[in-house]
Amino acid sequence: MTRSLPVEPAATLSTLLVLADAREADGHTLLRLGHQQNALLLARAAELDEWLHSHGKSVLLLAAGEQCLPALTVLARHPQRALGALLLSPGGDLAAAAPLPFPSLTVCHPPQAHWPRLTSTVAFASRWGSRLHTLRGEGDAALGELRLLLQQLRQQVEGWPQGNL
């Protein structure tokens with residue numbers, strides 16, 4: 001009789017990493033989500049680079065605001081380790097954005113005076129080849145929505161062929 005070991009989906013063999021600035025509202029929200037999901041919380045892209053050099057696991061990245069581009073620049077140096085990314089209200093130089101070789105979801109707030117990044121978020125999503133989602137809620141409602149989006153991204157990652165990363 002032949003027995004085989006269960007094969008774990010890629011998403012369960014990965015580490016969830018959050019790169020965000022707690023001083024920004026979106027960064028604070030992603031850090032809260034990461035804390036709830038037992039993610040590794042990082043403050044700078046250099047910490048992400050150090051972690052990738054010292055650990056062999058694949059990663060699912062959550063990043064917010066000005067942290068998105070530096071984090072994706074680091075992941076570009078380790079494409080075989082990146083399973084996917086959820087990017088909230090990205091900022092920075094659009095010219096530095098390039099298509100991503102892994103599933104991604106770019107999230108923004110609806111157009112409001114205190115969330116001015118809708119247009120640039122759409123442009124980043126287009127450049128990255130990322131799926132775009134506009135949040136319907138704020139505060140705890142947005143956090144719950146992000147939790148569901150992360151779950152959807154994890155499901156998408158489980159079906160992603162790792163050899164093509």
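Just after α4, Gly129 takes a positive phi of about 70 degrees. This is a predicted model, where local features need pLDDT of at least 70, side-chain atom pairs count only at pLDDT 80 or more, and totals for chains, interfaces and linings use all residues. Residues are numbered from 1 along each chain as its sequence is written, and side-chain values use heavy atoms, with hydrogens and water left out.

Helices here are DSSP runs of H or I with at least four residues, and strands are runs of E with at least two, numbered from the N terminus. Helix α4 spans residues 118–128, and its buried residues (under 20% relative accessible area, 1.4 Å probe, protein chains only) are Thr121, Phe124, Ala125 and Trp128. They sit on the same side of α4 because they cover an arc of only 100 degrees around the axis, taken from the directions from the helix axis to the C-beta atoms. These buried residues pack (heavy atoms within 4.5 Å) against α3, β4, β5 and β6. Over on the other side of α4, Thr119 and Ser126 are exposed, meaning over 50% relative accessible area.

Now for two residues elsewhere:

Leaving aside residues up to four places away in sequence, Asp49 touches Val74, Arg77 and His78. As for Arg136, its C-alpha atom is separated by 7.3 Å from that of His109, 27 residues apart along the chain.
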